[in-house]
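I opened the file to look up a few local features. The notes below follow the order in which I checked them.

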Amino acid sequence: MSIKPAFYKRAFCYYELKKFAKARVDVKRALKVPQTDNGYNKIMSDSYWLYSLIVSHKANSMKALQLIKNATNYNRHSSSLYSTIGYKEVDLGLYDSAMVDLNHAIELNKFNAWAYSNRAWAYLKKNLLDSARKDVNYSIELDKTNLFAYKHSALIYIALHDYESACLELDKAQKLEYSDNMVIRAPKEIRQLINKYCKASDSKRNKAKEEK
């Protein structure tokens with residue numbers, strides 16, 4: 001019986017503990033699982049997914065993208081994998097490729113809230129604001145706990161210079177709980193957006209109230 005699944009599980013534990021060097025060692029061991037093992041495809045897919053997360057913590061987005069693409073070689077029917085690929089492609093400025101993968105993610109699961117949120121971001125980058133708004137609203141309808149959807153909604157409002165509405169969305173995003181294995185930069189980016197677009201307006205509103 002192979003011990004490679006145990007390496008994956010321990011790698012995931014190390015990742016959760018933010019012991020990334022140890023997580024990397026174990027996930028590489030997990031990727032050596034024999035093809036004859038039961039659950040070979042799942043172990044390989046999960047391990048490449050985890051390896052992508054580990055690499056992302058060093059901001060190596062291109063390598064992380066390639067690793068998550070490797071995961072699809074062993075699981076071609078995962079909407080979540082293609083949604084994550086699309087997200088990383090948008091982050092790298094590969095908008096056309098992102099649209100292909102995000103459309104595929106939605107074809108695989110039309111109720112994947114994250115896929116709609118990520119596609120909204122891709123539409124936003126292509127300056128297709130109406131399409132972005134439609135997707136982000138549907139994403140929130142499907143999952144009101146997805147902070148990315150509120151962040152992307154705020155970015156749409158910012159593009160329209162509606163900063164008050166943007167700040168309301170950013171406030172919702174900031175209040176949501178999140179898991180480190182799903183969110184890497186979002187909380188930091190949300191704080192930066194709040195500092196840039198909301199803090200100044202808050203000060204102006206408070207000053208106006210004092211003057212009254």
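**Notebook: loops, patches and rings**

I started with N127, which is exposed at a relative accessible area of 58%; buried means under 20%, exposed over 50%, and partly exposed in between (1.4 Å probe, protein chains only). N127 sits in the loop between α7 (113-125) and α8 (129-142). Its phi is positive, about 65°, although N127 is not a glycine.

The model is predicted, so I noted the limits: local features need pLDDT of at least 70, side-chain atom pairs count only at pLDDT 80 or more, and totals for chains, interfaces and linings use all residues. Residues are numbered from 1 along each chain as its sequence is written, and side-chain values use heavy atoms, with hydrogens and water left out.

I then looked up K18, another residue other than glycine with a positive phi, near 65°. K18 is in the loop between α1 (4-16) and α2, and is partly exposed at 44% relative accessible area.

Of the 212 residues in the chain, 47% are buried.

Next I checked the surface patches. Their members have over 30% relative accessible area and no salt bridge; like charges are joined within 9 Å, nonpolar side chains (Val, Leu, Ile, Met, Phe, Trp, Tyr) within 5 Å. A salt bridge is a side-chain nitrogen of Lys or Arg within 4 Å of a carboxyl oxygen of Asp or Glu. I found K28, K32, K58 and K63 gathered in a patch of positive charge. K32 lies in the loop between α2 (20-30) and α3 (40-56) and is exposed at 63%. M62, L92 and L94 make a nonpolar patch of about 240 Å². L92 is in the loop between α5 (79-91) and α6 (95-108).

Last, the rings. Rings of Phe, Tyr and Trp (its six-membered ring) pair if their centres lie within 6.5 Å; planes under 30 degrees apart count as stacked, over 60 as edge-to-face and the rest as tilted. I get nine aromatic pairs by this rule. The Y48 and Y74 pair is stacked because the ring centres are 6.1 Å apart and the planes are at 15°. Y48 is in helix α3 and Y74 in the loop between α4 (61-72) and α5, so the pair ties together parts 26 residues apart in sequence. Y48 is buried at 17%, whereas Y74 is partly exposed at 25%. I also noted a cluster of Y87, W114, W121 and F148, linked by ring pairs.

Note on methods: Areas by Shrake-Rupley, 256 points an atom, 1.4 Å probe, with all protein chains shown as cover. Lys, Arg positive; Asp, Glu negative; His and termini not counted. Charge placed at Lys NZ, Arg CZ, Asp CG, Glu CD. Helix = DSSP H or I, 4+ residues; strand = E, 2+ residues; numbered from the N terminus.
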